[in-house]
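I opened my notebook to record what I looked up in this structure, one topic at a time.

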Amino acid sequence: MIFDADVIVVGAGPAGLMMAGDLASAGVSCALLERRTERSGLTRALVVHARTLEELDARGMADELVASGTPLPELRLFSSAALDLSRLPSRFPYLLVTPQYKTERVLEERASRMGADVRYGHEVTGLTQHPGGVEVKVRRDGHPDQVLRAGWIVGTDGMRSTVRQAVGLPFPGGPVVRSVMLADVRLTQPPPSALTVDSTGDSFALVAPFGDGFYRVIAWHRCDEPSEDAPVSLDEVSDVTRQAIGTDYGMHDPRWLTRFHSDERQVPRYRDGLVLLAGDAAHVHSPAGGQGMNTSIQDSANLGWKLAATIKGWAPPGLLDTYQAERHPVGRQVLRNSGALLRIALKPSPAFVGARNSLALTVTRIPFLAKRLAGAISGVSIAYPAPPGAHPLAGKRVADLRLADGRRLYEALRGGRFLLSGGPGTLPADAATGYRDRVETAPIARASTTVTLIRPDAYIAWAAPASTVTEPQIRDCLAHWCGSPARPAAQTAGQ
Ligand SMILES: Cc1cc2nc3c(=O)[nH]c(=O)nc-3n(C[C@H](O)[C@H](O)[C@H](O)COP(=O)(O)OP(=O)(O)OC[C@H]3O[C@@H](n4cnc5c(N)ncnc54)[C@H](O)[C@@H]3O)c2cc1C
């Protein structure tokens with residue numbers, strides 16, 4: 001089969017744009033097909049969390065995105081409870097409020113710069129897997145249907161994923177909340193805190209600033225759930241917000257009014273043969289906690305380098321399967337956390353609301369609990385399974401340490417390679433011989449008791465005490481994670 005690209009990525013939302021950028025920057029040819037005819041100007045997500053910003057930092061995109069938004073050092077939960085994010089062990093100790101289209105723009109500019117072929121107005125209508133590759137059917141307005149071929153397909157085509165349906169994977173789960181109103185408005189008397197969330201009785205409302213003079217209001221009333229295509233009026237949003245929070249802050253001049261519903265669903269397998277799924281195509285849940293786009297971008301950060309390694313021919317056996325092993329449990333946990341937050345937010349009984357508000361206050365004031373909650377919401381505590389007996393750092397996110405050459409570690413990751421890192425004098429000079437295309441030796445500036453191998457997605461693959469580590473151990477770990485030292489000829493996709 002002659003391929004049009006090594007990989008076809010279907011859907012140019014946050015997951016697809018991140019995926020295309022990572023594949024292209026690893027030298028893999030990639031076509032990104034999007035059914036919309038132009039960039040989206042709409043915003044569903046407006047919160048980017050610290051771990052996502054770190055992943056963007058490892059690709060040189062974070063500073064531009066941060067400059068486009070408003071950093072909030074605390075997350076207001078219920079009533080007066082606020083979760084302090086300013087102590088997160090991250091270069092980004094806050095959540096960033098910025099419209100989804102700005103995040104997508106930064107991701108798309110990088111994908112195009114790296115050489116990804118981004119094609120708008122290309123709707124995938126079906127696919128067929130063959131032993132050595134995949135054919136996708138593409139519909140284009142005003143053109144005859146087209147068939148494109150690639151070694152691999154990544155479905156990042158959202159909740160109603162055509163790719164997922166074409167390979168026959170189920171999407172078990174169901175609706176959790178219906179007919180939620182969304183309004184982007186101006187406010188005459190904006191709230192004092194940056195993010196306001198509250199619920200009383202049957203009403204729930206959230207108000208958050210965009211940073212451009214507009215505010216996102218999400219409002220829901222238990223007893224008023226018209227069909228999703230019923231028009232929304234500003235009066236309705238204002239009434240429900242007043243019931244939930246006590247004021248509507250003088251909302252006026254809406255630029256977007258709509259309704260949405262949320263399902264909780266997760267696909268059991270993120271891979272079927274030569275087809276992989278990421279983002280909302282693999283998991284969906286309510287917007288509570290602002291996790292969907294963040295999880296989607298992080299799926300791609302996990303998968304991109306593994307798929308590139310497989311196509312380039314150096315992936316050790318089983319590397320691609322770690323995508324399912326690592327990201328499926330994260331998706332499941334996000335569904336649980338966001339589901340719990342939503343149910344707590346929407347409980348109607350006044351007695352429960354009182355208890356919930358005092359519990360939220362307690363949790364946010366006890367440092368240990370507040371730290372755990374901040375780690376979970378921001379994503380900085382996400383860790384991947386490590387084999388029994390592994391060093392405690394294995395599988396954890398790596399900190400942004402200063403390197404001996406003056407760079408930050410996340411700047412060094414922009415090369416897309418593994419980093420073999422340790423304190424001064426702890427790394428044998430020729431430790432990475434034969435791996436220079438995949439591994440950079442990156443000594444850190446200060447003394448350290450640990451030698452680590454850091455993956456391109458900024459997680460620690462392997463670690464060992466510097467006092468006992470031997471060169472053969474390092475070579476074994478490189479072979480385990482980075483394949484054999486002599487670079488083999490490119491593997492035929494799908495083998
Ligand atoms: C009201 C609301 C608020 C939210 N707030 C947050 C938040 O604050 N933080 C957060 O992290 N998440 C939030 N989310 C969730 C977030 O918007 C999604 O999780 C995120 O957009 C998923 O990204 P994705 O790339 O997987 O899919 P999508 O963004 O859905 O992108 C899929 C793309 O695929 C394209 N496509 C679909 N079918 C085809 C096809 N057959 N052929 C070609 N292209 C196709 C679509 O046009 C689309 O561009 C919110 C969601 C809602 C509804």
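I began at G246, which comes directly after helix 6 and has a positive phi, near 100 degrees. Helices here are DSSP runs of H or I with at least four residues, strands are runs of E with at least two, and both are numbered from the N terminus. Before going on I noted that this is a predicted model, in which local features need pLDDT of at least 70 and side-chain atom pairs count only at pLDDT 80 or more, while totals for chains, interfaces and linings use all residues. I also noted that residues are numbered from 1 along each chain as its sequence is written, and that side-chain values use heavy atoms, with hydrogens and water left out.

**Helix 6**

I checked the length of helix 6, residues 234-245: its end C-alpha atoms are 16 Å apart, which agrees with the 16 Å that its 12 residues should span at 1.5 Å a residue. The expected span is 1.5 Å times one less than the number of residues.

Which residues of helix 6 are buried? I found L234, V237, S238, V240, T241, A244 and I245, where buried means under 20% relative accessible area, exposed means over 50%, and partly exposed lies in between, with a 1.4 Å probe and protein chains only. An α-helix has 3.6 residues a turn, so residues three or four places apart point the same way. The buried residues of helix 6 pack against several strands, including strand 12 (173-187) and strand 16 (251-266).

**Two loop residues**

I next looked up I366, which sits in the loop between helix 9 (350-365) and helix 10 (367-378). I366 counts as partly exposed because its relative accessibility is 37%.

I then turned to R436, in the loop between strand 20 (418-421) and strand 21 (439-441), which is partly exposed with a relative accessible area of 41%. Leaving aside residues up to four places away in sequence, R436 touches R417, A429 and T441, a contact being heavy atoms within 4.5 Å. R417 lies 19 residues from R436 along the chain, and their C-alpha atoms are separated by 8.8 Å.

**The whole chain**

I finished with the chain, which has 12 helices and 23 strands, and whose C-alpha trace spans about 65 × 60 × 35 Å along its principal axes. Of its 495 residues, 54% are buried. Among contacts with a separation of 6 or more, 70% join residues 24 or more positions apart.
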